[in-house]
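Let's take a quick tour of this one, starting from the inside and working through a few of its parts.

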Amino acid sequence: MKGHSEKACGFLADEKRAGWHDQTLWTVRLKRDKAASSLPEWEDLREQASQIKEDVLTHLADYLLRFEQQAVENGAEVHWASDAAEFNGIMLGLIGKYKASHIVKSKSMLTEECGLNHFLEEKGIEVVDTDLGERIIQFRKEPPSHIVLPAIHLKREEIGRLFQEKLNTEEGNSDPQYLTSAARAHLREKFLKAEIAITGVNFAVAETGVVVVCTNEGNADMGVHCAPVQVHCMGIEKIIPRTADLGVFTRLLARNATGQPVSAYTSHYRKPKPGGHMHIVIVDNGRSKRLGDNTFRNSLKCIRCGACMNTCPVYRRSGGYSYGYLIPGPIGSILAPVADARNHADLPFASSLCMSCTNVCPVKIDIDHQLYKWRQELSERKLVSPFKRLIMKSAGKILASNAWYNFSGRMARWVVKNLPRKLVYHPVNVWGKERELPAVPRESFKEWYKHNAQKRRTPHEQE
């Protein structure tokens, strides 16, 4: 199985795409910064959101039971799934119960996590993703490369060719408005035929039993209003205690995700429509295990805004598919080892630990600290390669000795400056395949500082 760095090489081979991907996501990050700076109370909101989520994680069982009670009183049916297999079985049972053959779905990372689409396709059941980006990658039979912008890795010309094949659009027409109109007409037909509408859940309010779904396209609303049966799928961590708490998160979510003041549609689903049916499926799938781990439990605070991806220099340059996990980027590098530590042991190392992800997180998850802790744990469990363990052990000895540190620095500068390039950028140096080291300085910082110390002294000190 290829690791992150090997997969990143494939993405970086297309220099124009890698550069465009990097710049596009950085533009989203700048929009986020502008939106955040427009609120003087931004840091207070982040702290409040983090404390609300801390309260939820501390009293999660109580809030879940209260939510179930309120939802049932509202007229919804609540189902509980311990893992992906049970969740998929519940969904299959609901489809069979209502004899549905036309199913639409708005964006849901939980259904991606549980492999719902693939599971149902194996049973001969088609589910149509109605978010534009999700529909594009569904046509391509790909997973999302970003949790908010699932088709961000594609250029409009590629989408134009895809729509020509799938929707019979004009050859060579890649105008975004034209392609969006074609997708709208295609999806409108799917909405009108829908018998079941599946949505994800951004927030579930324990106080009222209401589920809240945030979209920019209104596709969740279209599905729920057209289909007689609505099914809302949520992880156990999506709970918030009170309706009053919702305003904290809606002010943070869109600003952090795309730089908008608020999502275009923030829909509250409380009870089934007249003559309709409302189901809520609550899923664990390993979350309880994470909740019991004090080192990594904070990752359950995540509200899936994607800001850590937009700011991460590694994600921006390597692309979402290099991570090999449904949630890429910094937050995915924490979650993936929980699911499968052996196959995702390299992801916590796919980070510069620059802390940018932690600084933008709306709920103050200590992402950089958790990545660092994962590195330690994976090393202790000997799940990193023997070569990397040898390098880290050697680095530890060098960093612990002033003499060895000075010597190794001089040797490294000599090697890069004097050896033939192919001896420096060799097959073992995977990260060097698509990267160039900066020009080698004549002397180290320590040497420069020592040489210039006399110049910085004040006349009094020189006396």
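Predicted model: local features only at pLDDT ≥ 70, side-chain atom pairs only at ≥ 80, totals over all residues.

As background, nonpolar side chains in soluble globular proteins tend to be buried together.

Pick out Ile331 and look past its neighbours within four places in sequence: you'll find it in contact with Ser299, Cys302, Cys308, Met309 and Ile365.

## A four-stranded sheet

Next up is an open sheet whose four strands run in the order β8-β5-β6-β9, with mixed pairing. The edges belong to β8 (239–240) and β9 (265–269); each has a single partner strand, so one side of each has no neighbour in the sheet.

Strands β5 (residues 203–205) and β8 run parallel and are joined by two bridges. Ala204, for instance, has Ile239 in β8 as its bridge partner. Helix α12 turns up again here: it packs on the sheet and touches β5, β6 (210–215), β8 and β9, with its direction at about 170° to that of β5.

## Helix α2

Helix α2 covers residues 15–37, which is 23 residues. From first C-alpha to last, α2 reaches 33 Å, close to the 33 Å expected at 1.5 Å a residue.

Which residues of α2 are buried? The list is Arg17, Ala18, His21, Asp22, Leu25, Val28, Arg29, Arg32, Ala35 and Ala36. When reading that spacing, remember that an α-helix has 3.6 residues a turn, so residues three or four places apart point the same way.

Definitions and conventions: Residues numbered from 1 in each chain as written. Heavy atoms only, no water. Expected span 1.5 Å × (residues − 1). Buried < 20%, exposed > 50% of the residue type's maximum accessible area, 1.4 Å probe, protein only. Contact = heavy atoms within 4.5 Å. Pairing = 2+ DSSP bridges. Axes fitted to C-alpha atoms, helices over the stretch in contact; angles between N-to-C directions.
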